[in-house]
Amino acid sequence: MNTVVCIKQVPDTETLIKVQGAGIVTEGIKWVMNPYDEFAVEEALRQKEKMKAGNVTIVSLGPDRAIEAVRTGLAMGADTAVHINDAAYYDKADPYATAAALAAAIKGMQYDAIFVGKQAIDDDAAQVPAMLAEMLGIPVVTMVIKFEVAADKSKATVTREIEGGQAVVEVPLPAVFSAQKGLNEPRYASLPGIMKAKKKPVDVKKAADLGVSEGPKTAIKEMSLPPARQAGKVITGDDAAAKAKELARILHEEVKIV
Amino acid sequence: MAGTLIYAEVQKGEIKKGSFEVTSKAKELGGDVAVCLIGKGAEGLASQLAKYGADKIYVVDGPEYENYVTEAYVQAFKQVADTVSPTVILASATAQGKDLIPAIAARLNVGAISDCVDLKKEGDKIVAKRPMYAGKAYAMVEALANPQIIAVRPNSFAVKETAGAGAVEKVAVSLDTSKIKAVVKSIEVAQTDEPDQTEAEIIVSGGRGMKGPENFKMLEDLAKLFGPTATTGASRAAVDAGWREHSYQVGQTGKTVSPNLYIACGISGAIQHLAGMGTSKVIVAINKDAEAPIFQKADYGVVDDLFNVVPALIDEIKKVKG
C-alpha cells in the first residue's frame, strides 16, 4: 500500500507565544512535528507493515527549518519525502494555499491513501484535509480513530469520531483521512532510524516548481495576546463548608447561574 | 452587505443551538439573512429559525440526509448557495460544521476562517477574531474574496430573538450520487440527555485530584443541579488514567469549550487544558494546591480539599434553589 502523509512543523505546545504584527516572534521557539501528524505517519507505517509492501512519502510545506520535521518522519520509517521549501509562499499561506501546494506536490504520485493530522496546533484551522481532498478530487473522512483496509486495497473501513459517539464509514480508495487522537500510539524514531533518515531522499521544491497558481484566500490582519484575566477572587472561610456556602452565594447572586 | 447564508444543523430531531447563535449574530450584523437547513425531518423544524432573524429558510429534507456524509451535504449546500449568492456564509463550528465548512469552501474556490469567537463588520468585510496557538494568541482574519466563509465556535454569541420574515422554501436537490463515495455503515451515539461539552452552558470538570472514576458521581450530581444545559468534563490526566472516556476530555487534545461557567475540580491547569477552556465566561477552581496554575485563570478560587467542598457546595446550592 502506497501512502502519502502530509506533515507540518509547529511550535511545541509548551512554547510561550509572542506576537509581532500579523505573525509571531519565531526566535527561541522549539519546533516539532505537529502531534496529530505523528498519528498520521504512524498509521501509514502500520499499513505498510501490515501489507508488507508499499512506500510512505512525507510531504511538507515549510521554510528551511521544516526539514527537521520531515527528517523525523523519515526517521520513524517513511521512505521518501517532498519538502516544499518556499518561505515566501509559506509566510502568506492560509489553509487553502497550503492545501493547493500539497495537492500540487501529490498530484501525479501513486497512492492508495493520504493521511493528515486532523489539525495543526499552530493555526488550529482543521481545514487542509477536506480542501486537499477536494483539490485532488477524492473523498475525505475526518477525525479517524480506527483504520482498516481491504486486502485488495479497494476500500477502507474506518471509525470516525462524531459528536457524542462514533460512526463507521466505508470509503473507496484513494481517499484522504484526517487522524484524531486515539488512532494509534506513534512510535519514537530509533537511533538506527535517525541514522538511516539522513540518507533517505528528500525532493526539495519551490511552489512555482509545482505549478501552484493559487494564492491565499484569507489573510491575518493582526495578532494579539489574549487579555490578561483580572486577578481572581480567592474565596475565604473557616472551613470547606463555609467556603462552599460563599461560592454558592456568588454563583447565585454575582454569576446569577443558580 | 448583500446577505448572509447560514448552514443550520439538525441533530437528534432538533436544530442545534449553535445554528440559532449564528443566525442571531447574522441578523445583528445586518443585511438579508438566509438559512440552509439540511437533514431528515428538517422541514418540520425550519420555521423555528424565523424568530432568531432568518428572512428566508431553504430546507433540504429527505431520507438521504439521515446520516451526515460530507459530499452529499456539500452538494446540497452548494446548490442553495448558488441560488442565494451570499457575500457571507456562516456556520457553527460543531463537529459537523468543522467537517463541512472547509469542504464547501474548497468547492466554491474560496477560503474559510475556522472556529471564530467574535465577528466585526468593516464595510463589506467581516473581520473575524479567532484563537490560534491553542488560545495563546488571537488573530484578526479576513477573507480576500466573497463569499466570506466563517465558522463560529459554539457559545460565542447569545441566542437572541429578533424576528425575520421567515419564508420557508423546500429545495429539491439533485444529488450526483456517483460522487458520494463514503457510506455510513453504522453509528453509535451515547444515549444521554446531557448536552455536548462544546455546547453546554455549564461544565463541572474533574482532573487528577478526583483520585478515581467513582468520584465523578459527585460532579455529575452537581452538574444536574444546574439543569439541562450542564454537563461534566475531564482533564487529560483523568482520561489517560481511564476514569472518564475521551469524549469528556477538555483541552488541546480534547474538546474546546466556551461555557458560561466552568468549574474545575482537582485540575491543576496545564497549558494544554487551559487551551481548551480559556474562553469560558466564568471560571471557578477548586483545588487544595494554592500554587496550581488554574488559579491564575480562575475568577473564583477555593483552596481546599474538593472532597469536602463539592459535597458542601451541592448542599448549599440545593438550599439556594429551595
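Which residue in strand 12 of chain B is the bridge partner of A:Val168? The bridge partner of A:Val168 is B:Ser186.

## Basis of the model

The model is predicted: local features need pLDDT of at least 70, side-chain atom pairs count only at pLDDT 80 or more, and totals for chains, interfaces and linings use all residues. Residues are numbered from 1 along each chain as its sequence is written, while chains are lettered from A and ligands numbered from 1 in the order in which they are written.

## Overall form of the two chains

Chain A holds seven helices and 15 strands, and chain B holds eight helices and 17 strands. Here helices (H or I, at least four residues) and strands (E, at least two) are DSSP runs numbered from the N terminus. The C-alpha atoms of chain A occupy a box of roughly 70 × 45 × 40 Å along the principal axes; for chain B the box is roughly 60 × 45 × 40 Å, again along the principal axes. For the 322 residues of chain B, a compact globule would have a radius of gyration near 20 Å, and the value of 21 Å for chain B agrees. This radius is taken over C-alpha atoms, and the globule rule is 2.2 Å times the number of residues to the power 0.38.

Of the 258 residues in chain A, 49% are buried, and in chain B 58% of the 322 residues count as buried. A residue is buried if 20 or more other C-beta atoms lie within 10 Å of its own, exposed if 12 or fewer, and partly exposed in between, with C-beta atoms placed from the backbone. In chain A, 71% of the contacts with a separation of 6 or more are between residues 24 or more positions apart. In chain B, 66% of the contacts between residues at least 6 apart in sequence join residues at least 24 apart. Two residues are in contact if their C-beta atoms, placed from the backbone, lie within 7 Å.

## Domains

An automatic or database domain assignment supplies the domain bounds. Chain A is divided into domain 1 (3-210) and domain 2 (229-258), and the C-alpha centres of these two domains of chain A lie 46 Å apart.

Chain B is divided into domain 1 (3-179) and domain 2 (202-321), with 31 Å between their centres, taken over C-alpha atoms. The contact between them takes seven residues from domain 1 of chain B and seven residues from domain 2 of chain B.

## Contact between the chains

The contact takes 65 residues from chain A and 76 residues from chain B. Elements of chain A that give two or more residues to this side include helix 4 (95-106), helix 5 (128-136), strand 9 (140-149) and strand 14 (218-224). The largest share of the side of chain A, nine residues, comes from helix 7 of chain A. By class, the side of chain A that touches chain B has 38 nonpolar, eleven polar and 16 charged residues. Ala, Val, Leu, Ile, Met, Phe, Trp, Tyr, Cys and Pro count as nonpolar, Asp, Glu, Lys and Arg as charged, and the others, Gly among them, as polar.

Strand 11 of chain A pairs with strand 12 (residues 183-189) of chain B in the antiparallel sense, over six bridges. Two strands pair if DSSP finds at least two bridges between them.

## Helix 1 of chain B

The 13 residues of helix 1 (residues 17-29) of chain B should span 18 Å at 1.5 Å a residue, and the end C-alpha atoms are 19 Å apart, which agrees. The expected span is 1.5 Å times one less than the number of residues in the helix. Helix 1 of chain B is mostly covered, with ten of its 13 residues buried; among them are B:Phe20, B:Val22 and B:Ala26. The cover over these buried residues includes strand 1 (3-11), strand 3 (32-38) and strand 7 (118-122) of chain B. After helix 1 of chain B comes B:Gly30, with a positive phi near 100°.

## Backbone exceptions

Most residues other than glycine have a negative phi, and most peptide bonds are trans. A cis peptide bond joins A:Leu173 and A:Pro174, with omega about 5°; A:Pro174 lies in the loop between strand 11 and strand 12 (175-179) of chain A. In chain B, a cis peptide bond joins B:Asn146 and B:Pro147, with omega about -5°.

B:Lys12 has a positive phi near 50° and lies in the loop between strand 1 and strand 2 of chain B. B:Lys12 counts as exposed because it has 8 C-beta neighbours inside 10 Å. B:Tyr133 also has a positive phi, near 50°, but B:Tyr133 is buried, with 22 other C-beta atoms within 10 Å.
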